[in-house]
Structures are given as C-alpha cells and as structure tokens.
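Please view the sequence and the model below before turning to the notes.

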There are 2 protein chains.
Amino acid sequence: MNSNQIMVKMVLDRWNGQIKQFTTALEAYSDEQLQKEIAPGRNRGIYLLGHLIAVHDDMMPLLNLGSKTYPEFNKLFIEESDNKNAKMPSATELRTIWKKQCEEMSKKFSALQPEQWFERHTNISAEDFVNEPHRNRLNVVIGRISHLAYHTGQFILIK
Amino acid sequence: MNSNQIMVKMVLDRWNGQIKQFTTALEAYSDEQLQKEIAPGRNRGIYLLGHLIAVHDDMMPLLNLGSKTYPEFNKLFIEESDNKNAKMPSATELRTIWKKQCEEMSKKFSALQPEQWFERHTNISAEDFVNEPHRNRLNVVIGRISHLAYHTGQFILIK
C-alpha cells in the first residue's frame with residue numbers, strides 16, 4: 001500500500017465502523033422507540049435518523065459524487081429543529097432510506113481511486129485549493145465521522 | 001505541503017476542533033451541573049470528564065509518547081461504570097487535569113514530524129505492521145476523535 005491508500009483505508013474503515021454502530025443501534029429499536037426523546041425535551045430518535053440522512057445526502061454534491069436524492073429533507077431535518085407536529089416520513093420509510101443510502105454511499109466510495117480522495121471538494125475553488133490542499137474530499141468524510149459519532153452517542157440513550 | 005503533512009493536518013485539525021468543542025461545553029457548566037446525569041439513569045457529567053481523561057491518558061503509551069500520568073483513573077473511569085458512591089476527584093481537580101492534559105498532548109503532538117505519525121502504535125508488532133501499515137499512530141487519533149465526539153454529543157445534554 002502506498003501512503004494515499006493507507007490514509008484512505010484509515011478514514012473509510014472508521015467511517016464504515018461508525019455507520020455500522022449507528023445501524024446496529026437503529027435495528028435494535030422498534031418504530032415506537034424511535035418516537036421517544038433521547039433525553040427529556042431533546043430530539044427524538046426519528047429526528048436524529050432523518051438528520052443523519054439529510055447530512056449524508058448533502059455529502060454527495062460536496063464530494064462531487066452526484067446530486068442530492070432527498071433535497072426536501074434539508075428543511076425538515078437540518079434547518080428546522082425537532083417538532084412533533086411536523087409532517088415526517090414514517091420510521092419504516094426512513095429505515096429503508098437509511099439502508100439504501102448507506103449502500104449507495106459505500107458503492108460510490110469504493111469506486112474512487114485513493115488519489116481522487118485528495119482532490120478538492122466542491123466548497124473550495126481551484127485557486128484556494130492550491131494553498132489549502134487539506135480541504136479535500138477525504139477531509140469531508142473525517143468531519144462527518146465526528147458528526148455521526150456525536151449523534152450516535154445521543155441515539156443510544158433512547159430507552 | 002507534502003501528502004503526509006496534509007493528512008496529519010487533516011486529522012489533528014479535527015482532533016483539536018473536537019477537544020475545543022468539549023472544553024467549551026465543560027467551561028459552560030458549573031461544578032453542580034457536572035454532578036447531573038446526561039439523561040435519566042445515565043452517566044453523570046463528572047464521570048464522562050474522568051472517562052475522557054482516562055482514555056486520553058491511555059493514548060500516551062499507545063502512541064509511544066510516554067507513560068500514563070493517571071493510571072489510577074483506569075479502574076474508576078474505564079473498568080467501572082458511573083457510581084455515585086465511588087470516591088472520585090472533585091470537579092475542580094478534574095477540570096485542572098483536563099486542561100493540563102490537553103496542553104501536554106498538544107505539545108507532544110506538535111513535536112512529532114509528519115512521517116512519525118505513520119509509524120506503528122505499540123499495540124502492533126513490527127512483524128504485523130509490515131502487512132497492516134494502517135495501524136499507525138495517526139489511526140489511533142482517528143479512533144479517539146470518534147470516541148470524543150460520541151461522548152461530547154452526550155455531555156452537551158446536561159441541563
């Protein structure tokens with residue numbers, strides 16, 4: 001393995017491990033449990049699930065891997081906070097989307113060559129990237145690993 | 001920047017960002033608030049603080065950067081779960097230790113050359129490392145970023 005391959009493996013292994021941890025917790029909950037709050041007055045499980053789907057959907061254009069599949073989730077699960085009166089997809093629908101999204105992301109990630117992970121993401125210009133080469137695709141994944149871990153720590157608190 | 005420098009910057013920037021997020025939350029809490037649970041029947045803030053100190057202390061021998069400073073924290077904050085009757089250092093003491101530990105880790109991390117981050121950690125033999133070069137020091141930090149983010153997501157739930 002060359003050093004790019006090693007680094008990509010380190011980051012994608014951690015991403016996959018974090019996805020697996022969340023998925024395992026998700027599968028252990030009933031639809032009813034997903035309606036519960038992680039702590040009194042805090043987000044419900046179903047909101048966190050929708051929030052993660054929306055944030056991961058946003059990664060696609062950011063990584064230059066395609067357009068968003070669920071653009072309508074942005075308002076519901078990112079801009080707006082959890083609201084029991086909001087019209088949301090059902091837990092069953094969100095579970096199906098989560099599974100499908102994870103599979104599609106995994107496919108797209110595997111198809112990238114290691115050196116392509118060090119290309120710029122779409123939120124930085126070619127000009128700025130010359131001086132800030134760390135603002136690459138792989139760095140987006142590092143940031144989202146943190147984000148996913150943060151919410152997984154909360155998600156597992158549902159009783 | 002060469003590619004090793006870029007990768008190390010990506011990971012250490014994220015580590016520092018995560019440390020900063022936890023520290024900001026910690027400083028916003030009173031000692032009294034740290035005695036509260038993150039959710040009913042779950043860990044108290046003070047336990048999570050001690051747990052993070054213990055896990056970060058463990059990183060020193062694992063990264064081959066020295067021995068542990070608080071070996072007695074292992075039993076109290078890793079092996080054992082939170083227990084209101086356990087004899088624990090005070091919130092004030094743990095705050096001081098957290099701050100000092102962050103400073104010392106930052107100094108040690110900065111002193112390493114980029115290529116040294118890709119050397120093996122101490123939980124893998126030189127023999128195995130030949131075939132598993134991703135099991136390096138930088139990978140330990142990637143794992144601990146997830147761990148810290150996971151517990152930060154919980155820590156911010158204290159009211």
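**Structural briefing**

Helix 3 of chain A is followed by Asn64(A), whose phi is positive, near 60°. Helices here are DSSP runs of H or I with at least four residues, and strands are runs of E with at least two, both numbered from the N terminus. This is a predicted model, in which local features need pLDDT of at least 70 and side-chain atom pairs count only at pLDDT 80 or more, while totals for chains, interfaces and linings use all residues. Residues are numbered from 1 along each chain as its sequence is written, chains are lettered from A and ligands numbered from 1 in the order in which they are written, and side-chain values use heavy atoms, with hydrogens and water left out.

**Helix 3 of chain A**

- The 18 residues of helix 3 (residues 45-62) of chain A should span 26 Å at 1.5 Å a residue, and the end C-alpha atoms are 26 Å apart, which agrees. The expected span is 1.5 Å times one less than the number of residues.
- Of the 18 residues in helix 3 of chain A, 16 are buried. Buried means under 20% relative accessible area, exposed over 50%, and partly exposed in between, with a 1.4 Å probe and protein chains only.

**Salt bridges**

- Over all chains, the structure holds 16 salt bridges, each a side-chain nitrogen of Lys or Arg within 4 Å of a carboxyl oxygen of Asp or Glu.
- One of them joins Lys84(A) and Glu37(A) at 3.0 Å, N to O. The pair links distant parts of the chain, 47 residues apart: Lys84(A) is in the loop between helix 4 (73-79) and helix 5 (91-111) of chain A, and Glu37(A) in the loop between helix 2 (31-34) and helix 3 of chain A.
- Lys84(A) counts as exposed at 56% relative accessibility, whereas Glu37(A) counts as partly exposed at 31%.
- In chain B, Glu37(B) and Lys84(B) form a salt bridge at 3.0 Å, N to O. Glu37(B) lies in the loop between helix 2 (31-34) and helix 3 (45-62) of chain B and Lys84(B) in the loop between helix 4 (73-79) and helix 5 (91-111) of chain B, so the pair ties together parts 47 residues apart in sequence.

**Helix 7 of chains A and B**

- The axes of helix 7 (residues 137-155) of chain A and helix 7 (residues 137-155) of chain B come within 6 Å and cross at roughly 45°. Axes are lines fitted to C-alpha atoms, for helices over the stretch in contact, with angles from 0 to 180 degrees between N-to-C directions.
- Residues in contact (heavy atoms within 4.5 Å) include Ile145(A) and Tyr150(A) in helix 7 of chain A, and Ile145(B) and Tyr150(B) in helix 7 of chain B.
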